[in-house]
Amino acid sequence: MNKSINAVLKPSSKSKIEELESIRGIAAFEVFYGHIPAWNPILHNADNIGAAASMVDLFFVLSGFVIYTAYAEKLTSLKEVFRFQFLRFGRLYPVHLIFLFFFLAVEIIKYVLQVKYGVSAPNNQAFTDSGWQAFFENLLLIQVLSFDGNQLSFNGPSWSISVEFYMYLLFGFIVRYLGKLKIFIFALIPIISILVLANLSVDNTQHLSYVFIFRCLAGFSIGCCTAYAANILNYKISSVYVTLTVACMLIFYVFKGDGAENGVLFFLLCSLLIFSIVSSEEGVIKRILRLNILTWFGTISYTLYMSHMAMIWIVNQFLRFVLKKPENVINGFSTPDLSVNESLIAAIVLILMVLIVSHLTYSFVEHPLRMKSRKIAAGF
């Protein structure tokens, strides 16, 4: 392995590639931004949702890169595979559990208001889209693997955690049992996945689980291949390539369509972005990505990603029941209707709430429990 890259990505190391952490933080914020409700049509762009979806693919590629760099040569026994999976569990599950129970409480509140006070929820009745079966599937992180329409139940963004957790398990067994063949497997998986994705409809509920699964398979495996390439080539390139890759990604957002070829292009752009960052000389963009504010976004990126829908729900209810704002139906969903100024204020308040809750959740839940899981794993 490339010692310079591998050293900063060891599971026990306190340091990371800061530029990649910042990219993860920016991506998490973009997902959140894409989910901000359409309180005012002037401030809401429907393309934001598509951009947010693309950022999840960037997460998968980043995850594949980091995991392959850190563990591709370490999982030499079944015991190591299960230790690795336990560490992934300690990283993902506690935060997932908190917001799963938050949304369970939401369904209970909706039920009480509906039964005792005759107050109906504006978009769905209690325990309809998020019922008890969906709750137990979320509890087991199998909501995407169940293929029964519960993929986006409760805390919708957790669908990606559902597939990525089991992608880690697949990764562990490929590395452990396929040895030198592993990189060929990781190169083959994206080809098969992209061919499957090209023939699936995202509007078909039955297809949705397949779409999510193969997006994760493709992105994560491309990340693995990127890490392998960065290790094999192992030489510095000009910082100009980082600038060019970032420019290409921005152009992609402006001109992208809905075809399957755009998904392929975005996966490749993600790979080029990561490769250029870890392989390039010092440059302006790398210095920007090491700014404290951006690396902080990277630190809280997971809690930001998992908490933002809960904060959106709280702000929406405040607008509905405290400020008693009128409703507007957009794409079949009832949303508080605000003026431009009101929407700006609501968005600023929401952003501050999400950042504060994300920081607190990271400080008091994610980080300490992650450290605890490492201590437990060290005793295996």
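Predicted model: local features only at pLDDT ≥ 70, side-chain atom pairs only at ≥ 80, totals over all residues.

Author: Helices here are DSSP runs of H or I with at least four residues, and strands are E runs of at least two, numbered from the N terminus. Local features need pLDDT of at least 70, side-chain atom pairs count only at pLDDT 80 or more, and totals for chains, interfaces and linings use all residues. Residues are numbered from 1 along each chain as its sequence is written, and side-chain values use heavy atoms, with hydrogens and water left out.

Reader: At what angle do α4 and α5 pack, and how far apart are their axes?

Author: Two packed helices are described by the angle between their axes and the distance between the axes. For α4 and α5 (residues 132–139) the angle is about 165° and the axes are 10 Å apart, where axes are lines fitted to C-alpha atoms over the stretch in contact and angles run from 0 to 180 degrees between N-to-C directions. On the α4 side the contact (heavy atoms within 4.5 Å) includes Tyr93, His96 and Leu97, and on the α5 side Trp132 and Phe135.

Reader: How closely do the axes of α4 and α6 come, and at what angle do they cross?

Author: The axes of α4 (residues 78–117) and α6 (residues 159–178) come within 9 Å and cross at roughly 160°. That makes α4 roughly antiparallel to α6. Among the residues in contact are Phe82 and Arg88 in α4, and Phe165 and Arg176 in α6.

How values were computed. Parallel < 35°, antiparallel > 145°, perpendicular 65-115°, else oblique.
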